[in-house]
Amino acid sequence: MKIRGLSLPLISWRDWRQRVWHVIGGVSVRTKILGIVLAMVVFPGLMVTFQVRARLVYTLREQLRQRSISIARDVAARSADLVLINDLYALNRLLRDTQRNNPDVRYAFVLDPNGHVLAHTFTGGFPLDLLSVNSLPADAPHHVQALNTEEGLVWDTVVPVFGGKAGVARVGLSEQGLRRVVNSVTSQIVLSMLLISLVGIGAASILTWLLTRPIGELVAATARVGQGDYSPRVVRWADDEIGDLAEAFNTMVAQLAQAEAERAERERLRQFYLKRVIHAQEEERRRIARELHDETGQALASLMVGLRNVEEARTPEEMRHRLQDLRHVLAATLERVRRLAFDLRPPVLDDLGLVAALRRYAQQYQERFGITAEVQAVGLEDQRLAPEVETAVYRIVQEAMTNAAKYASCAHLSVLLQLHDRQLSVIVEDDGCGFDVERILGSEAGQTKLGLYGMQERAELIGGRLDIESQPGAGTAVYLRVPLRGQPGL
Ligand SMILES: Nc1ncnc2c1ncn2[C@@H]1O[C@H](COP(=O)(O)OP(=O)(O)O)[C@@H](O)[C@H]1O
Ligand SMILES: [Mg+2]
């Protein structure tokens with residue numbers, strides 16, 4: 001853009017705002033507040049000073065001019081007779097008295113009609129170049145001219161004596177006095193401004209201290225929290241917004257600390273149970289290995305021996321007898337291998353589904369432990385659920401039933417499965433001795449409660465919820481609820 005030959009770089013209003021904000025935003029709060037206070041004091045102060053000075057100079061200068069005229073008139077009036085009778089001594093005295101009575105009078109002198117100096121107040125000789133300035137225009141009652149001298153402005157007034165017939169009187173009034181007054185007033189204003197500035201800076205410093213101290217504390221505390229130290233708390237210094245912020249900060253840190261503690265506790269438990277689960281898995285493998293080795297291996301070895309014995313049998317009678325023994329051993333071994341396989345994973349669970357598998361398990365359970373166990377299913381007789389749901393529910397019921405057999409000393413146990421409104425609920429109830437659920441679950445992690453946690457974990461894994469209701473002496477009920485919405489298989 002060209003404006004009258006001037007090329008200006010175009011900077012938009014937004015750029016300006018951004019630049020200004022960049023500068024203002026870049027300095028600390030302390031500097032901002034101090035800057036505002038100083039600007040509020042210094043700018044009006046300077047304006048007042050300049051205005052008062054200008055007004056004062058204008059008024060005093062006008063007064064000086066008027067006084068210069070009236071003194072010159074007075075001198076002219078009083079010197080008329082003296083000039084006419086040529087009393088130069090009295091004339092000189094008149095001029096000196098005039099100067100003495102008016103400290104602003106720099107000089108006074110009287111000229112005769114020919115322009116010769118009759119009397120003057122200069123002590124070191126009359127400066128002749130004064131004669132060439134300020135002359136009286138014809139018929140004017142007076143004429144004032146400002147002379148620029150080394151000592152500053154001098155208001156020079158020329159007044160005719162006796163209508164001009166006896167020459168002229170001239171008086172010069174110096175502005176030095178005026179300057180002194182103006183300077184002293186100015187310095188007083190500046191001094192007051194400085195005092196006000198000092199008070200302002202003091203007040204601003206206290207204010208910034210009050211404002212920034214809690215903020216500084218908050219910043220330091222936040223940095224520590226950021227590094228994972230949840231111990232710092234800040235003091236609520238005042239009942240204002242910053243106080244509210246401090247309180248909110250403290251609440252936040254307390255909650256963070258609590259959440260962190262809970263997370264750490266969960267992590268600790270997870271680690272603990274992970275170790276236990278791995279250990280349990282290893283135990284299970286060891287058990288299976290031992291069973292395979294001790295029972296099945298032994299049985300197979302004795303079958304081998306038995307076969308050799310059959311070979312070595314001398315009579316058909318003896319051979320039949322030995323073969324019969326072998327069949328018994330083989331049947332027992334087969335049963336053991338089946339049970340082992342069933343314990344690992346019942347094939348019926350995959351083939352016939354949850355209810356059938358649980359019925360089969362309850363039957364074996366009843367035989368093994370002598371506890372009457374019945375399984376009731378409502379709404380899911382032929383229904384297959386998602387494989388992971390079937391497995392989880394099967395294991396949970398199995399654990400609940402094993403616990404009842406191990407700890408409850410009960411006579412009767414019932415399993416109720418119900419599918420209603422796309423929610424599967426399972427209740428395993430025994431009439432045994434019961435136990436204090438809170439106490440067992442809340443006790444130290446060293447105690448055995450892996451089975452209960454395992455049930456809970458399995459339930460959560462399939463999006464379900466497990467609750468145990470039990471009281472010593474009043475039996476135990478394990479409730480499992482699994483919402484099946486969106487589950488494949490339904
Ligand atoms: N049906 C029940 N009747 C009585 N006590 C029970 C029953 N189920 C669990 N418990 C108690 O809860 C404890 C924890 O059970 P669990 O976590 O399954 O441990 P475990 O691995 O020993 O089976 C058991 O030691 C027992 O005291
Ligand atoms: Mg158990």
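Just after helix 4, Gly228 has a positive phi of about 95°. Helices here are DSSP runs of H or I with at least four residues, numbered from the N terminus. Welcome to a predicted model, in which local features need pLDDT of at least 70, side-chain atom pairs count only at pLDDT 80 or more, and totals for chains, interfaces and linings use all residues. Residues are numbered from 1 along each chain as its sequence is written, chains are lettered from A and ligands numbered from 1 in the order in which they are written, and side-chain values use heavy atoms, leaving out hydrogens and water.

Let us stay with helix 4 for a moment. Its 51 residues should span 75 Å at 1.5 Å a residue, and the end C-alpha atoms, 70 Å apart, agree with that; the expected span is 1.5 Å times one less than the number of residues. At Thr212, helix 4 bends by about 30°, and Pro214 follows within four residues. The bend is the angle between axes fitted to the seven residues ending at a residue and the seven starting there.

Now to the helix pairs. Two packed helices are described by the angle between their axes and the distance between the axes. Axes are lines fitted to C-alpha atoms over the stretch in contact, with angles from 0 to 180 degrees between N-to-C directions.

| Pair | Angle | Axis distance |
|---|---|---|
| Helix 4 (residues 176–226) and helix 5 (residues 241–311) | about 15° | 10 Å |
| Helix 9 (residues 387–408) and helix 11 (residues 450–461) | about 160° | 9 Å |
| Helix 8 (residues 354–369) and helix 9 | roughly 15° | within 11 Å |

Helix 8 and helix 9 are therefore roughly parallel to each other, a term for angles under 35 degrees, while those over 145 count as roughly antiparallel. The crossing of helix 8 and helix 9 is right-handed, that is, the near helix is turned clockwise from the far one by less than a right angle, with anticlockwise giving left-handed. Their contact (heavy atoms within 4.5 Å) includes Tyr361 and Tyr365 of helix 8 and Tyr394 and Met401 of helix 9. By class, this contact has 13 nonpolar, two polar and one charged residue. Nonpolar means Ala, Val, Leu, Ile, Met, Phe, Trp, Tyr, Cys and Pro; charged means Asp, Glu, Lys and Arg; the others, Gly among them, are polar.

The crossing of helix 4 and helix 5 is left-handed. Among the residues that meet there are Leu211 and Pro214 in helix 4 and Phe249 and Leu256 in helix 5. This contact holds 12 nonpolar residues, one polar and no charged.

Helix 9 and helix 11 also have a left-handed crossing. Arg395 and Glu399 in helix 9 are among the residues meeting helix 11, whose side includes Met455 and Arg458.

Methods:
Helix = DSSP H or I, 4+ residues; strand = E, 2+ residues; numbered from the N terminus. Parallel < 35°, antiparallel > 145°, perpendicular 65-115°, else oblique.
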